[in-house]
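Colleague: I'm new to this one. Could you walk me through it, one question at a time?

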Amino acid sequence: MGDIPSRSATTPAGEPGVTGRHARPAGTGVSPNAPAGPSLGGGGALPTKKRFGMEAGFRGLSTAAGAMVLVIIVAIGFFLVSKAVPALQANTENFLTYKAWFPNDAEPNFGIAALAFGTVLSSVIALIVAVPIALGIALFLSHYAPKRLATPLGFVIDLLAAVPSVVFGLWGRDVFLNPVRDLSLWLNEYFSWIPIFGGDGPFGRSILLGSLVLSIMVLPIVTSLSREVFMQTPGMNEEAALALGATKWEMIRTAVVPYGKPGIIAAIMLGLGRALGETIALALTLGIVFNISFNLIENGGNSIAANIANTFGEANATGRGALIASGLVLFAITLVVNMAARAIIYRRREFRDSAA
Amino acid sequence: MSLLQKELSDVVMTPSGLRSKRLPVAVNLVIAVAAIVVAAALVLGLSIGGWPLVAVVAGILYLVGLFVAATRVEGRRSARNKIMQALIYAACILAVLPLASVVWTLISKGAGRLDGNFFGSSMNNIGARDPLGGAYHAIIGTLEQVGLATLMAVPLGVLGAIYLVEYGRGRFALTVRFFVDVMTGIPSIVAGLFILAFWVLIVSPWFNNGTPRFSGFAASLALTVLMLPTIVRSTEEMLRLVPGPLREGAYALGVPQWKTILKIVLPTALPGIVTGVMLAVARAAGETAPVLLVAGGAAAINFDPFAGNQSSLALFVYQQAGDASRYAPDRAWTAALTLVALVLILTIAAKLLARRNRLS
């Protein structure tokens with residue numbers, strides 16, 4: 001235990017954040033007449049300042065681990081760019097506006113217009129379906145359900161979040177396809193005058209199926225985040241609303257929802273981030289067609305991530321570069337969405353420690 | 001006295017007089033039955049759909065009827081309250097339906113190949129007409145990849161969390177914290193592409209005479225990227241729960257900060273940290289896309305994660321789902337059941353452990 005006096009002597013006393021570092025300089029309290037020789041490790045020894053002690057080493061190690069996160073994010077951008085650039089230079093079409101995907105040809109031509117469109121369309125529809133239901137469940141768990149029901153139901157929602165996406169994809173393709181096809185046929189029969197439900201078939205493996213599967217997958221994340229936010233509503237606000245004669249719904253509308261608004265927006269954006277990046281479930285359920293169409297029920301649809309999973313197997317060097325370039329676009333989109341969501345959460349400091 | 005009685009004569013001060021009027025439960029039931037009957041007559045009579053449509057129309061009719069009746073008896077505000085409550089309950093039922101369907105399908109279809117052969121053999125030399133074949137190689141791959149990823153991600157993540165809680169101050173720590181949160185949202189396919197560009201295409205040729213090589217280790221690197229932010233976040237939350245006086249006591253006894261962290265803070269927070277790690281492991285075990293991109297998938301057993309293609313359970317499910325063989329769906333569903341069982345056991349164990357945690 002000879003290294004007890006440590007670098008803690010360098011820490012100035014009375015710094016903000018006292019719980020973090022309590023090691024105060026011992027200078028004033030301890031006898032200044034301590035033996036000047038080598039420290040005996042006793043109580044009277046003055047802390048000696050070591051440059052390469054365990055303390056400095058451990059501190060450096062953990063700082064490096066923290067910095068590793070930044071290094072990884074920068075490295076992702078750097079390596080994706082470095083592999084994407086050669087493929088983009090070989091591309092004979094405009095990467096951003098071209099719709100087809102033939103990067104393995106002798107004259108590579110590929111673009112992400114159709115893929116990006118499919119990605120955004122399927123994610124947005126998934127959110128339109130999932131968000132009202134998720135908010136409903138969150139309100140049920142936080143304000144309606146008795147505690148005996150709310151705890152296990154919340155647990156089930158958390159389990160739903162843990163189910164791998166490939167399982168949802170498989171379920172969507174093998175089981176959910178049939179009801180969605182029936183629904184599509186019905187919509188097409190009676191509502192074909194609305195362009196999104198038009199077309200002559202075949203129906204089934206469509207944007208609608210992909211979006212519905214996606215909505216089931218983003219449901220847990222939106223639910224658990226917004227439940228977290230709803231539960232943090234100050235009881236005073238709720239009781240004040242009720243005391244003024246508000247019904248339960250009026251209380252929720254006037255006290256709970258406005259208080260949790262930033263949290264709800266952030267939860268929706270995190271769900272959007274999850275939906276944009278979802279790969280395997282969409283690769284198994286979408287019809288994989290490279291076109292831009294608002295038709296929801298005809299076989300078709302594609303997304304950046306699903307395209308990577310589907311075409312990676314037969315990609316050559318340029319093909320891989322092209323897929324990496326499309327992944328770079330996806331990375332940029334999700335990074336922006338996630339940063340915006342986190343910035344909203346961070347503005348409300350109350351949510352910082354609970355919204356995971 | 002007489003004046004008081006006179007004043008109160010037209011106000012009946014009984015409990016029923018004080019309470020506002022309520023819609024009786026019987027009326028509620030009548031509306032429900034009427035809605036179902038009308039919906040069935042409407043839909044089946046005009047033959048514009050089947051029973052699902054009846055349910056939807058009945059639900060809408062019930063809500064409308066309830067709103068009208070409640071407005072009559074209780075007033076508009078109370079009626080709106082009732083409708084919203086009904087909608088919120090409906091949202092719950094709507095969300096439970098697909099979950100129940102997934103569970104039912106997993107069990108009914110997954111039980112088909114739940115035999116010794118499935119867990120004891122690989123897909124090597126299994127043709128399209130061969131009903132056998134199993135996921136042994138995929139289970140080995142999953143265990144090795146997730147194990148290696150855990151070995152890399154846990155020290156890094158725990159140290160990162162220690163930095164954030166114990167050492168980090170100021171702008172840099174805030175930046176790290178922010179990007180840890182942002183990193184949780186990175187799509188798994190992007191992590192896979194990153195390792196593909198960085199490890200498989202640039203670094204692995206150095207060890208393999210200049211040709212890129214897929215490997216299970218590359219997959220575990222990608223899983224590390226995905227697990228790291230989750231572990232940092234959960235560990236950070238647990239470390240913040242460790243009471244300050246514990247640290248102060250150690251400092252007062254002259255224990256240096258690094259030793260306080262290792263001997264006092266970490267052991268106190270250990271159950272919570274283990275919970276977070278298990279949740280991260282469960283998530284990583286279900287990832288398909290990164291394994292597909294950097295481990296390549298294989299039909300044969302490969303015990304060496306550092307050389308040659310490897311498969312994983314999730315990837316096995318995906319590949320069997322895309323297989324044209326008529327025996328492939330059975331294998332896919334059984335593998336999916338195995339995967340879900342693995343993930344759920346880990347998750348439930350983690351949650352039970354969290355419940356026993358003294359800190360939270």
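Colleague: How far apart do the C-alpha centres of domain 1 of chain B and domain 2 of chain B lie?

Modeller: Keep in mind that this is a predicted model. In chain B, the domain assignment gives domain 1 as 2-111 and domain 2 as 117-356. The distance between the C-alpha centres of these two domains of chain B is 47 Å.

Colleague: Which helix gives the largest share of the side of chain B that touches chain A?

Modeller: The contact takes 81 residues from chain A and 82 from chain B. On the chain B side, 54 residues are nonpolar, 17 polar and 11 charged. The largest share of that side, 18 residues, comes from residues 76-110 of chain B, which is helix α5.

Colleague: How many nonpolar residues are in the contact of α1(A) with α10(A)?

Modeller: On the α1(A) side you'll find I76(A), L80(A) and V81(A) among others, and they meet a set in α10(A) including I324(A), L328(A) and F331(A). In that contact, 3 residues are polar and 1 is charged, while the nonpolar ones number 13.

Colleague: And how are α7(A) and α10(A) oriented to each other?

Modeller: Helix α7 of chain A spans residues 248-277, and its axis comes within 9 Å of that of α10(A), crossing at roughly 165°. Angles over 145 degrees fall in one class. So α7(A) and α10(A) are roughly antiparallel.

Colleague: What is the handedness of the crossing of α7(A) and α10(A)?

Modeller: Among the residues of α7(A) in this contact are P262(A), M269(A) and L276(A), and α10(A) brings ones such as I333(A), V337(A) and R347(A). By class, the contact has 14 nonpolar, 4 polar and 1 charged residues. As for handedness, the crossing of α7(A) and α10(A) is left-handed.

Terms used:
Residues are numbered from 1 along each chain as its sequence is written. Chains are lettered from A and ligands numbered from 1 in the order in which they are written. This is a predicted model: local features need pLDDT of at least 70, side-chain atom pairs count only at pLDDT 80 or more; totals for chains, interfaces and linings use all residues. Two residues are in contact if their C-beta atoms, placed from the backbone, lie within 7 Å. Helices (H or I, at least four residues) and strands (E, at least two) are DSSP runs, numbered from the N terminus. Ala, Val, Leu, Ile, Met, Phe, Trp, Tyr, Cys and Pro count as nonpolar, Asp, Glu, Lys and Arg as charged, and the others, Gly among them, as polar. Domain bounds come from an automatic or database domain assignment. Axes are lines fitted to C-alpha atoms, for helices over the stretch in contact, and angles run from 0 to 180 degrees between N-to-C directions. Angles under 35 degrees count as roughly parallel, over 145 as roughly antiparallel, 65 to 115 as roughly perpendicular and the rest as oblique. A crossing is left-handed if the near helix is turned anticlockwise from the far one by less than a right angle, and right-handed if clockwise.
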